[in-house]
Amino acid sequence: MSPASSRLAVVYNPTKVGVDEVRRRATARASRHGWTDPVFYETTEDDPGTGQAAEAAAQGAGLVIACGGDGTVRSVAQGLIGTTVPMGVVPLGTGNLLARNLDIPLDDVDRALRVAMTGRSRAIDIGEVRYTDGEGDSHDDVFLVMLGAGMDADMIAGTDDGLKARVGWIAYVGAFASTLLRGHRIRVDYSLDDGPRIQTRARTLLVANCGMLQAGMVLLPDAVIDDGLLDVMALRAKGAIGWAQAGAVLAQHTVRHRLSALRRRGGSTHEPERHETRPVDFRQGVAVTARVLEKPAAFQIDGEDCGDVSEFSARIKRRGLTVRVAY
């Protein structure tokens, strides 16, 4: 390892439980694995990690470790786009969705640091999104796992932060039940690549780079994090029968994943068939555009509440980020 590439940077969210352990163990492990003493960067409310990661890369860091929740990880990733610097992940949040999808150790700071410092580098896709909020303002962002408009975003917005800090992802269960009882279907119009526009009413419209959620639930079994494709899911369940059918489909996905069944690897479908009666509809493509046709809907990116959205477009950047994972 050259002197330049052995420079280590750690970007951490100081509000998370476990940051003192991160600083102590990162310093202890660095010399053991051939890295320089780490340079620590704290995130701020104004800059949750993007500027710190970009500065670390500009200063010659050979590895930048993101320590925090999915928001911190996403922000650090954004700061590393366009560089060749790999990102390590020490999950300290509630969802830790990227870590789950890449089998990065959860609830074990030392093991996660070891993977970051000694693991292999894996190139993964990163999603780029531009969205217009309910006030008509445009925003550019990235996502590593998934974004969504509708019920899933309502659930995230309705989850108490204090409860999340105390019980973790289980806090989402109550918010999900509440959203399910009072939730409504949104009217959306979307298309993938050069395909026709699809107009439907859906509980939620999800655009994903990978498909695993908390507790090992697999929402989109064909979503592969380095296949150069976005996976789009419209959940249209209506009534008890529709929800039962949708639940059966999603449960089957989790079983398939756990049994390591063969995944379908098809390319994007430019002329998708319309299946308006299906409670859950899945499609794949490189890019997607969507409009909410009535009032703006709740919107989330990688589990972070982003307010309301009236329209958005997303595109995959194939293997645009390098992440350290276990051998």
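Is Cys210 buried or exposed? I looked this up first. Cys210 is buried, with a relative accessible area of 3%. I use buried for under 20% relative accessible area, exposed for over 50%, and partly exposed for what lies in between, with a 1.4 Å probe and protein chains only. The areas come from the Shrake-Rupley method with a 1.4 Å probe, and for residues only the protein chains shown count as cover.

**Ground rules.** I am working on a predicted model, where local features need pLDDT of at least 70, side-chain atom pairs count only at pLDDT 80 or more, and totals for chains, interfaces and linings use all residues. Residues are numbered from 1 along each chain as its sequence is written, and side-chain values use heavy atoms, with hydrogens and water left out.

I then checked Cys67. Cys67 counts as buried, at 0% relative accessibility. I also looked for disulfides, taken as pairs of cysteine sulfur atoms within 2.5 Å. The count comes to 0.

**Helix H3.** Helices (H or I, at least four residues) and strands (E, at least two) are DSSP runs, numbered from the N terminus. H3 spans residues 70–80. I find 9 of its 11 residues buried, so the helix is mostly covered by the cut-off above. Among the buried ones are Asp70, Arg74, Ser75 and Leu80. Just after H3, Gly82 takes a positive phi of about 90 degrees.

**Salt bridges.** I counted a salt bridge when a side-chain nitrogen of Lys or Arg is within 4 Å of a carboxyl oxygen of Asp or Glu. The structure holds 11 of them. I followed up several.

Which residue forms a salt bridge with Arg74? Asp141 does, and the closest N and O atoms are 2.7 Å apart. The pair links distant parts of the chain: Arg74 sits in helix H3 and Asp141 in strand E6 (residues 138–143), 67 residues apart. I note that both Arg74 and Asp141 are buried.

Asp140 and Arg130 also meet through their side chains in a salt bridge (2.7 Å, N to O). Asp140 is in strand E6 and Arg130 in strand E5 (residues 120–133), 10 residues apart. Arg130 is partly exposed, at 47% relative accessible area.

My next pair was Asp189 and Arg291, a salt bridge of 3.2 Å, N to O. Asp189 lies in strand E8 (residues 186–192) and Arg291 in strand E13 (residues 287–292), so the pair ties together parts that are 102 residues apart in sequence. Asp189 counts as buried at 6% relative accessibility. Arg291 is partly exposed at 37% relative accessible area.

I also noted a network of salt bridges that links Glu21, Arg25, Arg29 and Asp110.

**Charged patch.** Which residues form a negative surface patch? I found Glu135, Asp137, Asp305 and Asp308. Patch residues have over 30% relative accessible area and no salt bridge, and like charges are joined within 9 Å. Asp and Glu count as negative. The place of a charge is taken as CG of Asp or CD of Glu. Asp308 is in strand E15 (residues 304–325). Asp308 is partly exposed, with a relative accessible area of 39%.

**A loop residue.** Where is Ile225? I located Ile225 in the loop between strand E10 (204–208) and strand E11 (230–235). Ile225 counts as buried at 5% relative accessibility. Ile225 and Gly211 are 14 residues apart in sequence and 8.5 Å apart in space, C-alpha to C-alpha.

Terms used
Patch = residues over 30% accessible without salt bridge, like charges linked within 9 Å, V, L, I, M, F, W, Y side chains within 5 Å.
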